[in-house]
Amino acid sequence: MRLHVILLAALAAGCTTTTKTSTGDAQQPATHEPIAIEAQWENYNPGTVDFEITTPEAAGADIYQRIIPDPEKYITENARRVIQTLYFSPDDSIPQIDTIKYVVRDFDGISYKSGGGNKVRIDYSTDWIEKSFADNDTAKLDYETRGVIYHELTHAYQLEPQGCGHYDGKSPFWAFIEGTADGVRVACGCFEQDFDSKDRPRGGNWMDGYRKTGYFLYWLQLNKDKDFIKKFNRSALEVVPWSFDGAMKHILGDSEENSIENLWNEYQTAVGDLAEAE
Ligand SMILES: [Zn+2]
């Protein structure tokens, strides 16, 4: 069983992963409408949502119920948004999930996905809900909650690359898993899509996972192939053993200009993180 955790550095000293959230971001526009669900996914069954609040006494539980009166519908629709970002059509080989157990409860952290096979479980922290609602901004809490769901649900439906390590915080496998999850979150509009936004961490490497890899995947989608994220996900089946370099050349063409190093440098230069080579 793998456990994908998003943790706040401030809450968990020593944790290796952090996430930028919209909390406290005064620049955030008041509304971020959810992306439209395409007709072909409108009736797609992403699995049965089994929703539960296990610490109803927590303030965040009460807030959640007021903001999201129909969690089953909310989670189902956001699952369809994730799936349409990862797949071309319902005929693709999409992992079949029977049950999405979604638990709102009091714990330190933000959210994580556990479980495997056709049963997944996502836990969401009432403490985090409370923090995200600190200034009583309903739209902001919805934006944050949806962003977290996009990330965790990506883990439920994404394909998993083979022959490139394990979920260890450093392998290509790990960077694929966590990079795709934040790439989907950006593509669905729950991190700012402006590369100048402070949502986008500067510099780094494609192997850093999370937003560093995620924004790169989104940039490739805007600049190299409008279906990039779908093809990147599918490369897990088509490039074995999987590697970033192999996947890029498989998707964009087998030439040196599409090496992972070249594409990363092109991206870094384009977004202004790297000075143009002399
Ligand atoms: Zn994750």
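**Before you start**

You are looking at a predicted model, in which local features need pLDDT of at least 70, side-chain atom pairs count only at pLDDT 80 or more, and totals for chains, interfaces and linings use all residues. Residue numbers start from 1 along each chain as its sequence is written.

**The whole chain**

Colour by secondary structure to begin. The chain has 9 helices and 5 strands, where helices (H or I, at least four residues) and strands (E, at least two) are DSSP runs numbered from the N terminus. Along the sequence they follow the pattern β-β-α-α-β-β-β-α-α-α-α-α-α-α. Of the 278 residues in the chain, 41% are buried. Buried here means 20 or more other C-beta atoms within 10 Å of the residue's own; 12 or fewer is exposed, anything in between is partly exposed, and the C-beta atoms are placed from the backbone. Among contacts between residues at least 6 apart in sequence, 65% join residues at least 24 apart; a contact means C-beta atoms, placed from the backbone, within 7 Å.

**Stop 1: the nonpolar core**

Select V82, I100, V184 and F216. In the largest nonpolar core, which has 61 residues, these four touch the most other members. Such a core is a set of buried Ala, Val, Leu, Ile, Met, Phe, Trp, Tyr and Cys residues joined through C-beta atoms within 7 Å. Now keep F216 on its own: leaving aside neighbours within four places in sequence, F216 is in contact with W206, W264 and Y267.

**Stop 2: α2 against α4**

Show α2 (residues 71–86) with α4; their axes are 9 Å apart and the packing angle is about 60°. Axes are lines fitted to C-alpha atoms, for helices over the stretch in contact, and angles run from 0 to 180 degrees between N-to-C directions. That angle makes α2 oblique to α4; under 35 degrees would count as roughly parallel, over 145 as roughly antiparallel, 65 to 115 as roughly perpendicular, and the rest is oblique. The crossing is right-handed, a term for the near helix being turned clockwise from the far one by less than a right angle, with anticlockwise giving left-handed. Ala, Val, Leu, Ile, Met, Phe, Trp, Tyr, Cys and Pro count as nonpolar, Asp, Glu, Lys and Arg as charged, and the others, Gly among them, as polar. As for the spacing of such positions, an α-helix has 3.6 residues a turn, so residues three or four places apart point the same way.

**Stop 3**

Move on to α7 (residues 228–238) and α8 (residues 244–252), whose axes come within 10 Å and cross at roughly 120°. This pair is therefore oblique too, and the crossing is right-handed. The contact is made by F228, K231, F232, S235 and E238 of α7 with A247, H250 and I251 of α8. Those residues divide into 4 nonpolar, 2 polar and 2 charged.

Next, zoom in on P241, in the loop between α7 and α8. A cis peptide bond joins V240 and P241, with omega about -5°.

Which residues of α8 are buried? Select F244, A247, M248, K249 and I251. Their cover includes α5 (172–187), α7 and α9 (260–270). After α8 comes G253, with a positive phi near 120°.

**Stop 4: F173**

F173 is in helix α5 and is partly exposed, with 19 other C-beta atoms within 10 Å. Beyond four places in sequence, F173 touches P161, C164, G165, H166 and Y167.

**Stop 5: two positive phi values**

Select N136 and Y210. N136, in the loop between α3 (126–132) and α4 (138–157), has a positive phi of about 55° although it is not a glycine. Y210, in helix α6 (residues 210–223), has a positive phi near 45°. Which of these is buried and which exposed? N136 counts as exposed because it has 8 C-beta neighbours inside 10 Å, whereas Y210 has 22 and counts as buried.

Notes. Contact = placed C-beta atoms within 7 Å.
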